[in-house]
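Let's take a walk through this model together, one feature at a time. Have the viewer open as you read.

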Amino acid sequence: MAGLRNDEKGELEQPDAIALETKSEGSSEAPSWTVAEETAIRRKLDWQLVPTVTILYLLCFLDRINIGNARIQGMQEDLDLVGYRFNIATSIFYIVYLTVEVPSNIILKRVGPRFYLPGLVVGFGAVSVGTAFVKTYEQLLAVRAMLGIFEGGTMPGLAFFLSSFYKREELYFRVGIYVSAASIAGAFGGLLAAGFSQIPEWGVAGSTLHTWRNIFFFEGLITIIVALCAPIILPQSPETSRWLTDREKWIAAERLRLEHKANPNETVQPRHVKRALLNINNYICAAGFFSINVTVQGLSVFMPTILRELGYEALMAQYYTVPVYVAASLIAIAIGLISDKTRMRGIYLAVFTFLGITGFAMLRWGSGSTLKYAAVYLCAVGAFPGGPGFLSWGLNNASGPAVRAVSGGWIVTLGTMGGILAVWAYLPNDGPNFPIGHSINLAAQILALFLASFGIFYCVRENRIRARGGRDDRLVGLSEDEKADLGYRHPDFRYIA
């Protein structure tokens, strides 16, 4: 057991505490608080942050995928979405989405999350409401592009926000919970779409709302109301959390400083952008996120259509999506928890691709609606843990805060291109069996398996090189401040594999 010490670095006077924790990895300083204190702080932050972030991303994903539910409730006929028009409309969203992610995270790092993140959510909620009133295909393209502007900063922004409150070994579970909101949104999306589409026609002459229009209007309205309440709960930083005492605020910030050996308030500079763009881990995780996104985004938008082609009526197809998403959500959260407990990432990402590979092989070459519906379960359960897995893996291995902000946006930017491929995987003339779409997703799952395996190899190899002093030359001739600014390139930094 370590001895007693006073910390001289906090602005607040900190009482002596028995240092029961081990040193933060890569740090020469021992923390001056107990395990019980840190656990209590983590639980307080969990209750303050995770439910709110999860709800915000649930609404984000809900407003993104409701176009798939609206399609089979009459939108395709009303807006004359013949040929590839539906695919083009969904592609426009992703093209705009991927262009704003890195700039949005840089803005977020500068202005703070408390009002910025809820502001993005209000924006895409308003766009969803506006979608209820579109009359033409061209108007649909315009609102989908606007949706991409507001939603583009949400996912990487929420991930970076959580990484500013949690240590590396705590992050995957929390990211897994909020990203699993995508699964929950799929479940709720089917139920809400079924319910809202049954509301009788209402409104004023020339702007009456019915069936698919009700889906966009009411889901957008709910989004706006919830987002306006979010700043009441969300803090700007650990030091400003109203759920913590003064000492707990200090501990919450200091434990992250010890782990990352960086100033949490540093602003993004060109060298941070360069370092994020040159980090090989980011490209491994971005490529993995891309391959997973092909399946996750594809299933989210096209699952109602796939189930309808299997013989289920429009309303029943909505209902049958619900248990698939619930199962995928529970599994994704469980894998996040286990991964954080074991401090391993790649092995779980690799193992679960086998479920996706099996599921898409069954969809591609199997027959019978019951068999194919079971295959949809395997596809969703196998793919949905991969999104938070690859994203948190990349954030874990990007240090310090400014580099991490850029890395999160960059990983999601490259990974979002998988969403563009996803919307072109399932083409109208490929139905009802969609052999091309299922083959593309099968290949994407195989690619994810390779990337997860290579990521493990790279991280383990690099850690061994650093352990034997193979990267110590990076410290030669540097001042203490320059050494601290090395981030993930510091010889003492160890990758999570």
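Start with helix α6 (residues 168–179), whose 12 residues reach 17 Å from the first C-alpha to the last, close to the 16 Å expected at 1.5 Å a residue. That expected span is 1.5 Å times one less than the number of residues, and helices here are DSSP runs of H or I with at least four residues, strands being E runs of at least two, both numbered from the N terminus. The model is predicted: local features need pLDDT of at least 70 and side-chain atom pairs count only at pLDDT 80 or more, while totals for chains, interfaces and linings use all residues. Residues are numbered from 1 along each chain as its sequence is written, and side-chain values use heavy atoms, with hydrogens and water left out.

How much of α6 is buried? The count is 11 of the 12 residues, so the helix is largely enclosed by the rest of the structure. Buried means under 20% relative accessible area, exposed over 50%, and partly exposed in between, with a 1.4 Å probe and protein chains only. Among the buried residues of α6 are Arg168, Glu170, Tyr172, Phe173 and Arg174.

Now for the aromatic rings. Rings of Phe, Tyr and Trp (its six-membered ring) pair if their centres lie within 6.5 Å; planes under 30 degrees apart count as stacked, over 60 as edge-to-face and the rest as tilted. By this rule there are 23 aromatic pairs. One of them joins Trp33 and Trp250 edge-to-face, at 5.7 Å centre to centre with 85° between the planes. This pair links distant parts of the chain, 217 residues apart: Trp33 lies in the loop between β2 (17–18) and α1 (35–78), Trp250 in helix α9 (residues 246–260). Trp33 counts as buried because its relative accessibility is 2%, and Trp250 does so at 9%.

Elsewhere, Phe133, Phe196, Trp202, Phe217 and Phe218 form one aromatic cluster.

Finally, look at helix α17 (residues 435–467), which holds Phe454. Why is Phe454 classed as partly exposed? It is because its relative accessible area is 30%.
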